[in-house]
Amino acid sequence: MADRDLDITKFSYKAYRKLKKSLGEFDAVVECNEIAIREFIEQVEKKGIQPYIQELSKKHKVKVDDVDFIKFTSRIRQYYIASVAQQFEQFLEDFKGEWEEYFFDVQWKNRNDGEAKLDNCLKNIQFTNTPIEFDNHIKYYEYYRHVRNYMAHTDRDINKLDSAFKKIEQLFITNLSSPKSLENIDFEDFHVLTNVVKHIAFVICSKSKPDNQRIAEILFGLSKENKARAYKGLKKLKADNVRYEKALKSFAVTHFGRFSTNDADDIVNKLKCLLA
């Protein structure tokens with residue numbers, strides 16, 4: 001049975017939806033860039049690297065005397081990794097802000113010296129005894145995070161990077177290729193990291209779902225923020241309970257993703273009480 005056919009809750013934060021959108025947009029840029037790289041490689045193989053570079057240099061009036069062909073391709077693909085890792089770091093920042101709004105009665109513990117943002121996040125949402133599959137995703141991400149640090153700080157983190165790679169050499173995640181070593185990172189690594197961060201982000205959001213009463217209160221607050229549309233629009237439907245409940249469920253899904261039948265009914269009943 002497909003996941004979409006299951007009666008389950010798949011709660012998400014706005015930070016997660018923002019991450020998916022930004023990764024989707026970046027995916028198109030990377031794919032187009034990859035086409036350009038592969039076309040360049042194809043022409044180099046036909047014409048020879050120096051003659052072809054000189055030809056393009058004259059054509060585009062960009063002076064290039066020489067290039068390390070191996071570093072050229074690997075460095076560009078390392079930048080793919082750095083960008084995805086940066087987007088995930090932004091997700092962690094955005095998630096923290098939302099979490100503090102939803103769990104306003106709990107103090108978020110600040111990062112210790114040297115503590116990674118992801119480790120700090122998992123500590124705060126008290127996500128312990130994690131499944132092996134999730135732990136493996138974390139190890140994949142840690143390796144790519146060190147790749148990103150290497151890109152930003154040259155060889156400062158090379159030992160940590162090597163250590164992180166050794167931890168994942170024998171790991172396997174279903175439907176994902178194994179990460180490559182630094183000098184061999186390629187286009188496939190971009191897809192691996194993209195899927196890894198989306199999985200981690202989704203699990204973080206799912207494990208940080210507020211209870212249904214709090215969700216109803218948040219939705220009530222959101223409806224009150226725009227009385228001209230959401231609040232008044234919902235209240236106008238109160239005379240028709242079927243349409244009213246359908247609108248409330250749609251309002252919840254728009255802001256927080258998918259809910260099981262039981263969760264949706266419970267949230268709608270609690271929200272109806274607040275809107276009474």
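**Note on salt bridges and cysteines**

1. Lys249 is partly exposed, at 29% relative accessibility; this class lies between buried (under 20% relative accessible area) and exposed (over 50%), with a 1.4 Å probe and protein chains only. The model is predicted: local features need pLDDT of at least 70, side-chain atom pairs count only at pLDDT 80 or more, and totals for chains, interfaces and linings use all residues. Residues are numbered from 1 along each chain as its sequence is written, and side-chain values use heavy atoms, with hydrogens and water left out.

2. Lys249 forms a salt bridge with Asp265, at 3.0 Å from N to O. Lys249 belongs to helix α10 and Asp265 to helix α11 (residues 261-275), so the pair ties together parts 16 residues apart in sequence. Helices here are DSSP runs (H or I, at least four residues), numbered from the N terminus. Asp265 is also partly exposed, with a relative accessible area of 30%.

3. The structure holds 16 salt bridges, each a side-chain nitrogen of Lys or Arg within 4 Å of a carboxyl oxygen of Asp or Glu. One of them joins Arg38 to Glu34, with the closest N and O atoms 3.1 Å apart. These two residues are 4 residues apart in helix α1, about one helical turn. Arg38 is partly exposed at 47%, whereas Glu34 is buried at 3%. A network of salt bridges links Glu34, Arg38 and Arg77.

4. There are 0 disulfides, a disulfide being a pair of cysteine sulfur atoms within 2.5 Å. Cys32 is exposed, with a relative accessible area of 51%, and Cys273 is exposed at 61%.
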